[in-house]
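Have the sequence and the fold open side by side before you start. We'll take a walk through the structure, one part at a time.

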Amino acid sequence: MLVITKKTPKQRTMISGMSFMVFRGRIKPSMTNSTYPKLKLTYFDLKGRAEHIRLALHIAGIPFEDERISRKVFATMKESTPFGQIPVLTINDDVQIAQSTSILRYVGTLAGLYPSTDALKAAFVDQIVLHIADMTSPLATLMFETNEHNRSEMSKALTNEKLPAMFASLDRVIAKHGNGTWAAGDALTVADLAVYIFVGIFKTGFFKDIPSNIADGFKGVYGVFEAVARHPKVVEWEAAH
């Protein structure tokens with residue numbers, strides 16, 4: 001049985017004025033759909049820096065507007081965003097949150113997928129999410145490189161050195177702080193979703209000069225990827241998108 005469905009009693013706490021019930025290894029909001037804030041997530045029509053946020057909301061059954069825009073539309077609204085970039089989460093048609101990690105923490109707290117009441121557990125989750133952000137940076141540079149020779153050399157360096165070393169570090173952290181299924185603790189968190197999306201990018205063959213199976217040899221990393229991929233709500237989301 002998936003941990004996300006298992007309940008334990010009754011400890012309550014208050015977070016940002018909302019009542020939460022503590023479940024095994026995570027915090028699950030004790031609110032109905034009608035009491036969630038109105039949420040609109042704005043990003044391009046791709047996975048990129050927003051898919052783990054979308055997944056967290058979908059897994060928890062939190063209603064949200066999944067606004068997917070073109071680069072042309074973004075150019076017209078860029079100045080209205082906090083830092084001139086997306087994703088942006090708009091709350092109750094008023095407040096905006098920028099930066100994908102900040103949005104992920106907020107959404108993860110609403111969804112019961114972020115241990116916001118335990119500073120140490122939250123740090124274990126954060127370090128994985130931020131490590132994956134570090135791994136993403138050179139890939140973004142590669143994606144926008146137009147010189148074919150430079151692109152080829154960058155791909156070789158990433159394949160042979162940078163990515164294996166960073167996957168190995170991630171694997172060690174998962175082995176130390178995970179439970180053999182999940183990456184940080186004994187339940188599904190946003191850290192697992194970040195791992196799933198990152199490994200999944202390679203699986204699609206998006207980076208044609210980097211092997212699609214580059215993460216497969218890292219037991220902890222790939223185990224997390226497979227565990228998330230089997231989650232019924234993730235299967236449901238992927239089938240629809």
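This is a predicted model: local features need pLDDT of at least 70, side-chain atom pairs count only at pLDDT 80 or more; totals for chains, interfaces and linings use all residues.

Residues are numbered from 1 along each chain as its sequence is written, and side-chain values use heavy atoms, with hydrogens and water left out.

Let's begin with the whole protein. Its secondary structure comes to 8 helices and 7 strands; helices (H or I, at least four residues) and strands (E, at least two) are DSSP runs, numbered from the N terminus. Of the 241 residues, 43% count as buried. Buried here means under 20% relative accessible area, exposed means over 50%, and partly exposed is in between (1.4 Å probe, protein chains only). As for contacts (heavy atoms within 4.5 Å), take those with a separation of 6 or more: residues 24 or more positions apart account for 63% of them.

Now find strand β4, residues 39-44. Why is β4 described as largely enclosed by the rest of the structure? Because 5 of its 6 residues are buried. L41 is a handy landmark: L41 stands opposite L89 in β6 and opposite D66 in β5. To get from β4 to β5, the chain passes through helix α1 (residues 51-60), making a right-handed β-α-β crossover. Right-handed means that, with the strands pointing away from the viewer, the path from the first strand over the helix to the second runs clockwise.

Stay with β6 for a moment and pick out T90, which lies in this strand. T90 counts as buried because its relative accessibility is 12%. What is T90 in contact with, leaving aside its neighbours within four places in sequence? The residues are K38, L39, K40, V95 and Q96.

Next, jump along the chain to helix α7, residues 219-230. The expected span of a helix is 1.5 Å times one less than its number of residues. For the 12 residues of α7 that gives 16 Å, and the end C-alpha atoms are 16 Å apart, so the two agree. An α-helix has 3.6 residues a turn, so residues three or four places apart point the same way. In α7 the buried residues include V221, V224, A227 and V228, along with Y222 and F225. Among the elements that cover the buried residues of α7 are α5 (148-177), α6 (190-203) and α8 (232-240).

Grid points are joined across faces, edges and corners, and a volume is the space filled by probe spheres set on the points.

The largest pocket has a volume of about 950 Å³. Its lining takes in 32 residues, with Y43, L46, G48, R49 and T136 lying nearest its centre. The elements giving two or more residues to that lining are β4, α2 (71-77), α3 (100-111), α4 (119-143) and α6, and α4 gives the most, with 7 residues.

The count of cavities of 30 Å³ or more comes to 1. About 30 Å³ of space lies in the largest cavity, which is lined by T101, L104, R105, Y114, D126, V129 and V190. Here α3 gives the most to the lining, with 3 residues.

Finally, some backbone details. Most residues other than glycine have a negative phi, and most peptide bonds are trans. I86 and P87, however, are joined by a cis peptide bond, with omega about 20°; P87 is found in the loop between α2 and β6. N92, in the loop between β6 and β7 (95-98), has a positive phi of about 55° although it is not a glycine. N92 counts as partly exposed, at 46% relative accessibility. Q99 lies in the loop between β7 and α3, and its phi is also positive, near 70°. At 38% relative accessibility, Q99 counts as partly exposed.

Conventions. Two strands pair if DSSP finds at least two bridges between them. On a 1 Å grid over the protein atoms alone, a cavity is a set of points where a 1.4 Å probe fits but cannot get out, and a pocket is an open set with protein on both sides within 12 Å along at least five of seven lines; lining residues have an atom within 4 Å of a point.
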